[in-house]
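Visitor: I'm new to reading protein structures, and I'd like someone to walk me through one. Could we take it a piece at a time?

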Amino acid sequence: MTRISVTVDGTKYEDEVEPRLLLVHYLRDRLGLTGTPVGCDTSNCGACTVDLDGVTAKSCSVLAVQADGSEVTTVQGLAVNGEWHPLQKAFHERHALQCGYCTPGMIMAARDLLKENPAPSADDVRHALEGNLCRCTGYQNIVRAVLDAAGATEPSAQEVAT
Ligand code: FES
Ligand code: FES
């Protein structure tokens, strides 16, 4: 077992973990933060995306011991004083989810995009989310939601569709 100290969604945790424990399993099974799902466990789907020291990371491809000394933000850490993050609101209002399995990862990846590029085009959004798979929505409303959260004007149907 290895001792780690990690801050998750603003709370500091000290734990003994097995060296092989994946960060996503640490978040879910040890800390009870089940808002971060496991979609594939093989680094393909992006559902498990979190913010690790300011950079998005697929938490199924990071060991918990690698997060020692780090700050992790999950989708559960985005709301402030019970107020949803603008991306959470936009996904809700734009019906940008169906089963919702991909949504935490989509929101975390979109948040990273908006930090770098506060006024993205629909193409920018699609490019930023290409590592996140959705089997339900067809992506159109996800793109619309991210553009909404960015405060963008209504994209043309053609811009969203291309
Ligand atoms: S569960 Fe991590 S990328 Fe799919
Ligand atoms: S809403 Fe079901 S996988 Fe995206």
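Here is a short chat about this model, which is a predicted one.

Visitor: On to the strands. Which residue in β4 is the bridge partner of Thr-49?
Guide: β3 and β4 (residues 55–58) run antiparallel, and four bridges join them. They form a hairpin with two residues between the strands, and Asp-53 in that turn has a positive phi of about 50°. Now follow Thr-49 across to β4, and you land on Lys-58.

Visitor: Now helix α2. Where around α2 do its buried residues sit?
Guide: First pick them out: in α2 (residues 86–93), the buried ones are Leu-87, Gln-88, Ala-90 and Phe-91. They cover an arc of only 165° around the axis, so they're on the same side of α2.

Visitor: And what do those buried residues of α2 pack against?
Guide: You'll want to look for other helices here. The buried residues of α2 pack against α3 (103–116) and α5 (140–149).

Visitor: Are α2 and α5 parallel or oblique to each other?
Guide: Two packed helices are described by the angle between their axes and the distance between the axes. Here, the axes of α2 and α5 come within 8 Å and cross at roughly 140°. That angle makes α2 oblique to α5.

Visitor: Which residues of α2 and α5 make the contact?
Guide: The crossing itself is right-handed. On the α2 side, the contact uses Pro-86, Leu-87, Ala-90 and Phe-91. On the α5 side, the residues are Ile-142, Ala-145, Val-146, Asp-148 and Ala-149.

Visitor: Last one: which helices do the buried residues of α5 pack against?
Guide: The buried residues in α5 are Ile-142, Val-143, Ala-145, Val-146 and Leu-147. Just after α5 you'll also spot Gly-151, with a positive phi of about 75°. As for the packing, the buried residues of α5 sit against α2, α3 and α4 (122–128).

Conventions
Residues are numbered from 1 along each chain as its sequence is written. Chains are lettered from A and ligands numbered from 1 in the order in which they are written. This is a predicted model: local features need pLDDT of at least 70, side-chain atom pairs count only at pLDDT 80 or more; totals for chains, interfaces and linings use all residues. Side-chain values use heavy atoms; hydrogens and water are left out. Two strands pair if DSSP finds at least two bridges between them. Buried means under 20% relative accessible area, exposed over 50%, partly exposed in between (1.4 Å probe, protein chains only). The arc is that of the directions from the helix axis to the C-beta atoms. Contact means heavy atoms within 4.5 Å. Axes are lines fitted to C-alpha atoms, for helices over the stretch in contact, and angles run from 0 to 180 degrees between N-to-C directions. Angles under 35 degrees count as roughly parallel, over 145 as roughly antiparallel, 65 to 115 as roughly perpendicular and the rest as oblique. A crossing is left-handed if the near helix is turned anticlockwise from the far one by less than a right angle, and right-handed if clockwise.
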